[in-house]
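Hi everyone, thanks for coming. Let's take a few minutes to walk through one protein model together, a piece at a time.

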Amino acid sequence: METSRQWQLAEKGARQYEAVLVPYILGPAAGALVRFAAPAGCTRILDAGCGTGAAARFAAEECGGRGAVLGVDVNPGMIAVARQEDPHNRVEWHQANLGQLPFESQAFDLILCAQVLQFLPEKVGALNEMRRVLGPSGRFCVSLWAPLAQSPYFRALVEAMARHIGPETASGLASAFALSEQGEIEKLLEEGGF
């Protein structure tokens, strides 16, 4: 069995992702991104590559019902869990590929991209599509991990996994840190139309 480097999980895996990773690692990171983005004045917000929806839920809470928040992810398991985690339907959930967004041009004034860009196989195409749906004065806020060498907890975890489970499994976790150099990120954003 090949280890996923794009974090594509079936619904059971998506449920475990929500239960284990979101409360302690990805949720706090998503909350920080949303606070940085300051979405309160935005009318239409897109959480691109929303996973189980942590950033979208934080954005909906920040907006207090004054704006529309949409979450989009290619993975049906992640979207199913996102819907389950949003019992009051504060977010509109869509299953779609970021390279082919089902929205009109300039439809959003804020796009959040929380820990997803590094996993996209066609990064420039997805960025071009996100730029297309972002309004002329809109904001694009992306979060990515620092290099693995600067992340002592994850570096130790990757090393332990490689030693005790195998390098294939460790490389799946290490893939989360595949896009962390500032110059590379800036070049990618420019190629994507930002």
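Let's start with glutamate 129, which is buried at a relative accessible area of 13%. A quick word on terms: buried means under 20% relative accessible area, exposed means over 50%, and partly exposed is in between, with a 1.4 Å probe and protein chains only. Before going on, please keep in mind that this is a predicted model, where local features need pLDDT of at least 70, side-chain atom pairs count only at pLDDT 80 or more, and totals for chains, interfaces and linings use all residues. Residues are numbered from 1 along each chain as its sequence is written, and side-chain values use heavy atoms, with hydrogens and water left out.

So what does glutamate 129 pair with in a salt bridge? Its partner is arginine 132, and the N to O distance between the two side chains is 2.7 Å. By salt bridge I mean a side-chain nitrogen of Lys or Arg within 4 Å of a carboxyl oxygen of Asp or Glu. The general idea is that side chains of opposite charge can pair when their charged atoms come close. Glutamate 129 and arginine 132 are separated by about one helical turn, because they are three residues apart in helix H4, residues 123–133. When I say helix or strand, I mean DSSP runs numbered from the N terminus: helices are H or I with at least four residues, strands are E with at least two. Arginine 132, for its part, is partly exposed at 27% relative accessibility.

How many salt bridges does the rule give? The count is four. Another one joins glutamate 191 and lysine 187, with the closest N and O atoms 2.8 Å apart. Those two are four residues apart in helix H7 (residues 182–191), so about one helical turn lies between them. Here glutamate 191 is partly exposed at 39%, and lysine 187 is exposed at 52%.

Now for a pair that reaches across the sequence. Arginine 57 and glutamate 18 meet through their side chains in a salt bridge of 3.0 Å, N to O. Arginine 57 sits in helix H2 (residues 54–63) and glutamate 18 in helix H1, so the pair ties together parts that are 39 residues apart in sequence. Are these two buried or exposed? Arginine 57 counts as buried at 13%, and glutamate 18 counts as buried at 8%. Contact here means heavy atoms within 4.5 Å. If we set aside neighbours within four places in sequence, glutamate 18 is in contact with Pro23, Thr52, Arg57, Val81 and Glu85.

While we're on H1, let's look at its shape. Helix H1 covers residues 11–37, and a straight helix of 27 residues would span 39 Å at 1.5 Å a residue, yet its end C-alpha atoms are only 29 Å apart. The expected span is 1.5 Å times one less than the number of residues. Where does H1 bend? The bend is at valine 22, by about 85 degrees, and proline 23 follows within four residues. That bend is the angle between axes fitted to the seven residues ending there and the seven starting there. Just after H1, alanine 38 has a positive phi of about 45 degrees.

Compare helix H5, residues 152–164. Its 13 residues should span 18 Å, and its end C-alpha atoms are 18 Å apart, which agrees. The buried residues of H5 are Phe154, Val158 and Met161. They cover an arc of only 65 degrees around the axis, so they sit on the same side of H5; the arc is that of the directions from the helix axis to the C-beta atoms. On the other side of H5, Pro152, Tyr153, Arg163 and His164 are exposed. The cover over the buried residues includes H1 and helix H6 (167–174).

One last stop: helix H3, residues 76–84. Its buried residues are Gly77, Met78, Ile79, Ala80, Val81 and Ala82, and what covers them includes H1, strand S2 (68–73) and strand S3 (91–95). Asparagine 75 caps the N-terminal end of H3, with a side-chain oxygen 2.7 Å from the backbone nitrogen of glycine 77. Glycine 51, in the loop between strand S1 (44–48) and H2, is buried at 5%. Not counting residues up to four places away in sequence, glycine 51 touches Asp73, Met78, Ile79 and Ala82.

Key. A polar contact is a pair of N or O atoms within 3.5 Å; within protein, one must be able to donate a hydrogen and the other to accept it, and residues adjacent in sequence count only if both atoms are side-chain atoms.
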